[in-house]
Amino acid sequence: MQPFPRRSNPLIAAFPAELASDTEAVWAVMPDSRLPPHTSFQVTVEGRQILIPQRLNNDEPSAEEVASLSPRQQRLLHCLYSRHCDGMVRQRHLEQVVGSADPWVIPFVVQLVGEYVVEILVVIRDELRDLATPGSRLAYGQFLVDNPAFFARTQRRVVSYWNCYYRGTYASFGGYPGCTVLGLLRSAASDRAGRRWPSLAPAGGRTDGYC
């Protein structure tokens, strides 16, 4: 299959406008995609709307090409490849940015919380443990407060994937890594909002996986 013709960079919309030149530099080292682009999802980052691809089909650039980018450009690239169609690629690139304090990294991390790869949830859980500490990582709390519908959908997806795929391993939702991550994110949102953020996880003794 021939690559799709390369037009103007469609990934600029995935980051704030001031990062456009850096995004172009990343686009320049990315191999052409052999599949048409997927749809995007919209979130708000620091008061601005951005459109992040649901999935990325481009092969990864070489290590030499990645090394030619600036540190910020490399973080942009890792964010984008955290949307790759291959779960192992997503995890590998997530590990490079999950500890970042850049606000534009956060939606890429939170989107992965609502997906099905439990190994990725473990990476996020282990890196974001300090979200339970008041005042920690305020950017996460702000993002969640600014995107309540996105966070609600993420919570429901975590429950659904546990119910569909992981109940054999984690009989209780409370033991599932995604449950821990949601608790950490709700702590950050509650701290920023000044009120308890609602949980959409199974309540009390309910174990059917539905909210």
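Reader: Start with one partner. Is Asp-126 buried, partly exposed or exposed, and what is its relative accessible area?

Author: This is a predicted model. In it, Asp-126 is partly exposed, with a relative accessible area of 41%. Its salt-bridge partner is Arg-125. The closest N and O atoms of Arg-125 and Asp-126 lie 3.0 Å apart.

Now take the pair of Asp-22 and Arg-72. Their closest N and O atoms are 2.7 Å apart, and they form a salt bridge. Asp-22 is buried, at 7% relative accessible area. Arg-72 is partly exposed, at 37%.

Next come Arg-90 and Glu-115. Their side chains meet in a salt bridge, at 3.6 Å from N to O. This pair also links distant parts of the chain, 25 residues apart. Arg-90 belongs to helix α4 (residues 87–97). Glu-115 is in the loop between α5 (106–113) and α6 (118–127). Arg-90 is buried, with a relative accessible area of 0%. Glu-115 is buried as well, with 8%.

Arg-90 and Glu-115 also belong to a network. Salt bridges with shared partners join them to Arg-55 and Arg-83.

For the whole model, the count comes to 10 salt bridges. Among them are Asp-22 with Arg-72, Arg-90 with Glu-115, and Arg-125 with Asp-126.

Terms used: Residues numbered from 1 in each chain as written. Predicted model: local features only at pLDDT ≥ 70, side-chain atom pairs only at ≥ 80, totals over all residues. Heavy atoms only, no water. Salt bridge = Lys/Arg side-chain N within 4 Å of Asp/Glu carboxyl O. Buried < 20%, exposed > 50% of the residue type's maximum accessible area, 1.4 Å probe, protein only. Helix = DSSP H or I, 4+ residues; strand = E, 2+ residues; numbered from the N terminus.
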